[in-house]
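The following note sets out points on one helix, on aromatic pairs and on a pocket. Please read each point alongside the model.

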Amino acid sequence: MNQNEFNSLIESLVDSVKDYNLDDSFDHYDAIHQICEGCDHSFVNYKAWQLVDFVKFDYSELFDEAEMEVKELCHHDQKSTLNDIISDYAFQILKVATLKKYESQVKEEVA
């Protein structure tokens with residue numbers, strides 16, 4: 001993965017939010033969670049590994065934020081494989097990056 005591929009991926013995830021009917025019972029956070037959960041970079045092992053590896057070294061602040069989310073929300077046990085853990089990291093990276101991008105776009109539209 002490279003920077004252009006990463007940016008394109010996040011842009012496409014943000015664009016997907018527009019396909020949802022957002023309201024009080026299903027807001028942008030819920031939509032982004034669902035979109036990122038279905039993104040193949042969060043569950044296809046080699047894509048998840050590529051994403052996590054790229055972000056770890058090129059976007060360390062994003063990686064650190066995703067890592068905090070994993071520690072707070074994901075509970076791994078002895079049966080968890082390294083692939084399971086990397087998939088959790090990949091999902092959190094996608095969620096955090098997409099949320100930030102979406103919310104910054106909404107702020108720009110309002111301003």
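1. Helix α4 has 14 residues, which at 1.5 Å a residue should span 20 Å, and its end C-alpha atoms are 20 Å apart, in agreement. The expected span is 1.5 Å times one less than the number of residues. Helices (H or I, at least four residues) are DSSP runs numbered from the N terminus.

2. The model is predicted: local features need pLDDT of at least 70 and side-chain atom pairs count only at pLDDT 80 or more, while totals for chains, interfaces and linings use all residues. Residues are numbered from 1 along each chain as its sequence is written, and side-chain values use heavy atoms, with hydrogens and water left out.

3. The buried residues of α4 include L62, F63, A66 and V70. Buried means under 20% relative accessible area, exposed over 50%, and partly exposed in between (1.4 Å probe, protein chains only). Seen down the axis of α4, its buried residues fall within an arc of 95°, so they line one face of the helix; the arc is that of the directions from the helix axis to the C-beta atoms. On the other side of α4, E61, M68, K71 and E72 are exposed. The cover over the buried residues of α4 includes α1, α3 and α5, where contact means heavy atoms within 4.5 Å.

4. There are five aromatic pairs in the structure. Rings of Phe, Tyr and Trp (its six-membered ring) pair if their centres lie within 6.5 Å; planes under 30 degrees apart count as stacked, over 60 as edge-to-face and the rest as tilted. In one of the pairs, the ring centres of F6 and Y59 are 5.0 Å apart and the planes are at 35°, so the pair is tilted. This pair links distant parts of the chain, with F6 in helix α1 (residues 3–17) and Y59 in the loop between α3 (45–58) and α4 (60–73), 53 residues apart. F6 is buried at 4% relative accessible area, whereas Y59 is partly exposed at 23%.

5. The rings of F63 and Y89 have centres 5.5 Å apart and planes at 20°, so this pair is stacked. F63 lies in helix α4 and Y89 in helix α5 (residues 82–110), 26 residues apart. F63 is buried, with a relative accessible area of 7%, and Y89 counts as buried at 12%.

6. The largest pocket holds about 200 Å³ of space. Its lining includes F6, Y59, L62 and K100, and its largest share, four residues, comes from α1.

How values were computed
Helices (H or I, at least four residues) and strands (E, at least two) are DSSP runs, numbered from the N terminus. On a 1 Å grid over the protein atoms alone, a cavity is a set of points where a 1.4 Å probe fits but cannot get out, and a pocket is an open set with protein on both sides within 12 Å along at least five of seven lines; lining residues have an atom within 4 Å of a point. Grid points are joined across faces, edges and corners, and a volume is the space filled by probe spheres set on the points.
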